[in-house]
Amino acid sequence: MAADMRLPTIQKPVSLSVSAFDRKDLVVPGDVITSDTGFMRGHGTYVDDDKLTASVAGEVQRVDKLICVRPLKTRFNGEVGDVVVGRVTEVQQKRWKVETNSRLDSILLLSSVNLPGGELRRRSAEDELTMREYLQEGDLISAEVQSVFSDGALSMHTRSLKYGKLGQGVLVQLSPSLIKRQKTHFHNLPCGASIILGNNGFVWLYPTPEQQEEEAGGFYTNLEPVGLSDREVISRLRNCLLALAAHKVLLYDTSVLYCYESSVHHQVKDILKPEVMEEIVMLTQQKLLEQEG
């Protein structure tokens, strides 16, 4: 019977300019952030003996005189304009409930979606009866946060053609704190696949479409069989995402692409082996540091 044996690999000495232990912006509960009384107290902090102290483990963020701590592990706290990937959990009157990795289910109103064909008109009772033809339980969607209710629940919309129902692909669920905020979260990667980096930690990988069906109003899904080469690329990207997340590396198009390039010498199934994962992530961090330098 064949056994999978792992031999120790020779670690190349790598000099990273900043180690995780030397970073001053990472704190744990009880750490004193500053003793300067001129700063305002934000989320994740409290005042103890006139010193601003962290109440959660996370990254210190300063905006002018406001100091807050962004937790490393948390539920998604949405803001207006965030791109999210979610799963429809319930169809209700004039709205869908969507799981978006936040504390409460998010809401997608019938009036906040494009009708098939892109026509603009008031929603009728007939539209309410055919809601399940647009989206039903279990469907995955991409959307944008339109507003935040007083209880923290999110209201979303899919009025742009880049949002809507998702077709064939792979969903990877990660921590929202690992997703880097960018101008766009939709990327067509040169390796032949596309990625949607949801601010809520849900990442969607799918084959890059040859052409966009614009008249479908966001409800068109391609159900053609996906080729073997595309499936291999998507599987490699998925394992790269898991490797980066395991080492707490920020996820954005450049870091994902560098990780993909660093993994091409390994088989897809080997990427998740601890020693291979460590080597790939180290090479990715080197490339990122070289790019910044």
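Trainee: In which sense do β8 and strand β9 pair, and over how many bridges?
Mentor: They pair in the antiparallel sense, over 5 bridges. Keep in mind that this is a predicted model. One of the bridges joins Glu90 to Lys97 in β9.

Trainee: What about the hairpin of β8 and β9, how many residues sit between the strands?
Mentor: There are 2 residues between them. Look at Lys94 there: its phi is positive, near 65°.

Trainee: Which bridge partner does Val83 have in β11?
Mentor: Glu144. Strand β8 (residues 83–92) pairs with strand β11 (residues 140–148) in the antiparallel sense, again over 5 bridges.

Trainee: What holds paired strands together, in general?
Mentor: Backbone hydrogen bonds, whether the strands run parallel or antiparallel.

Trainee: New topic. What is the order of the strands in the open sheet with β14?
Mentor: The order is β14-β17-β16-β15, 4 strands with antiparallel pairing. β14 (170–173) and β15 (186–188) each have a single partner strand, so one side of each lacks a neighbour in the sheet. On average, neighbouring strands are turned by 20° against each other, direction ignored.

Trainee: Which helix packs on that sheet?
Mentor: Helix α3, residues 228–246. It touches β14, β16 and β17 (202–207), and its direction makes about 160° with that of β17.

Trainee: And how many bridges link β15 and strand β16?
Mentor: 3 bridges, in the antiparallel sense. Asn188 has Ser194 in β16 as its bridge partner.

Trainee: Last one. Is Val63 buried or exposed?
Mentor: Exposed, because its relative accessibility is 53% and the cut-off is over 50%. Val63 lies in strand β6 (residues 58–63). With Met40 and Leu66, Val63 makes a nonpolar surface patch of about 270 Å².

Note on methods: Residues numbered from 1 in each chain as written. Predicted model: local features only at pLDDT ≥ 70, side-chain atom pairs only at ≥ 80, totals over all residues. Heavy atoms only, no water. Pairing = 2+ DSSP bridges. Axes fitted to C-alpha atoms, helices over the stretch in contact; angles between N-to-C directions. Contact = heavy atoms within 4.5 Å. Patch = residues over 30% accessible without salt bridge, like charges linked within 9 Å, V, L, I, M, F, W, Y side chains within 5 Å. Areas by Shrake-Rupley, 256 points an atom, 1.4 Å probe, with all protein chains shown as cover. Salt bridge = Lys/Arg side-chain N within 4 Å of Asp/Glu carboxyl O. Buried < 20%, exposed > 50% of the residue type's maximum accessible area, 1.4 Å probe, protein only.
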